[in-house]
Amino acid sequence: MEKAIIRRVYVWQLPVRIYHWVNALSVSALAVTGYIIGSPPAFMISSEAYDSYWFGTVRFIHFVAAFVFFFNFIFRLYWGFVGNHFSNWHNFIPTTKKQFNEIKEVLKIDILQRKGKIIESIGHNSLAGFTYFLVFIAFLFQSVTGFGMYAAMSNSWFPHLFAWIVPLMGGDFAVRQWHHAMMWFFIVFAMIHVYLVFYHDYVEGRGILSSMAGGWKFIEKKGLNDF
Ligand code: HEM
Ligand code: HEM
């Protein structure tokens, strides 16, 4: 059996971990409540309409989760400039030959199920980083369309900063359709993401799964020279 000297490395700082779980929870709440808003079940309720405010509560949860989601996201963007090496924005946009080669290697592992090759990156691998970059653009889109629609329902100044998006995209109906479609992007992303996190935990054996809880990964000593 091959032996390796392992060191533990503190990869994900507390703010990144808190960001991740607040984001995962708020996106889950937004997807569930958003789905109900888009396809409201027709309950046969005998009581007066004013006695039944459950749909208002669903919308209220959507809007509270939306504010949490948005400001948490802005915080993560800020942390991309002030956080440690692993959380820096450079990890999300591949520019070097090394990063492009790593994308090819990771695709071979994820699609051809190849095992045994050490991935150089200690933080996000280059393919994961780039995928998160696309997800961040989708977060931005969802925020702009969401607050754009919300402007019509709120007297607060903040949502009105986004009101221009509604006429730009061709009206409320079109914005809602795009906002709805994007929900499915997040659902598909989350399913593949969780599968890949478990799979890479197994292939790499570096504790990637628990790293988003405790912050630490376990790296072969050779890899430690790389950062
Ligand atoms: C991951 C994030 C989000 C997801 C998955 C999501 C999902 C959805 C879905 C599926 C709908 C129903 C659209 C339809 O009618 O078919 C909806 C409605 C809506 N969402 Fe979101 N949303 C998200 C973020 C946001 C944000 C950040 C805001 C900002 C305030 C927002 C505001 C709204 C508004 C105003 C509506 C229309 C509510 C109504 O007309 O009753 N959403 N959302
Ligand atoms: C049980 C569910 C989940 C687990 C176990 C999990 C685990 C992880 C782990 C271990 C990483 C770091 C992996 C890497 O280095 O590439 C990560 C990153 C990330 N995850 Fe998740 N995740 C979960 C759910 C979600 C959900 C629902 C979302 C949002 C839709 C999400 C969005 C992200 C993002 C955006 C990153 C990049 C973090 C950053 O650098 O800011 N995750 N996740």
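## Exercises on two ligand sites

An oxygen atom of ligand 2 lies 2.6 Å from an N or O atom in the side chain of histidine 124, a polar contact (a pair of N or O atoms within 3.5 Å; within protein, one must be able to donate a hydrogen and the other to accept it, and residues adjacent in sequence count only if both atoms are side-chain atoms). The model is predicted: local features need pLDDT of at least 70 and side-chain atom pairs count only at pLDDT 80 or more, while totals for chains, interfaces and linings use all residues. Residues are numbered from 1 along each chain as its sequence is written, chains are lettered from A and ligands numbered from 1 in the order in which they are written, and side-chain values use heavy atoms, with hydrogens and water left out.

**Exercise 1.** Find the protein donors of the iron atom of ligand 1 and state the geometry.

*Solution.* 
- Step 1. The protein donors are His62 (NE2) and His179 (NE2), 2.1 Å from the iron atom. Donors are N, O and S atoms within 2.8 Å of the metal (3.2 Å for Na, K and Ca).
- Step 2. The six donor atoms subtend angles of 84 to 179°, so the arrangement is octahedral (six donors, with opposite ones over 155 degrees apart and all others between 65 and 115).
- Step 3. Histidine 62 is in helix H2 and histidine 179 in helix H7, so the pair ties together parts 117 residues apart in sequence.

**Exercise 2.** Which residues come closest to ligand 1, and how near is the side chain of arginine 176?

*Solution.* 
- Step 1. Ligand 1 is surrounded by 23 residues, the closest being Arg59, His62, Arg176, His179 and His180.
- Step 2. A polar side-chain atom of arginine 176 lies 2.4 Å from an oxygen atom of ligand 1.
- Step 3. Helix H1 (14-38), helix H2 (54-82), helix H4 (126-150) and helix H7 (172-204) are the elements that give two or more residues to this shell.

Key
Near = heavy atom within 4 Å. Helix = DSSP H or I, 4+ residues; strand = E, 2+ residues; numbered from the N terminus. Tetrahedral: all angles 85-135°; square planar, octahedral: opposite > 155°, others 65-115°.
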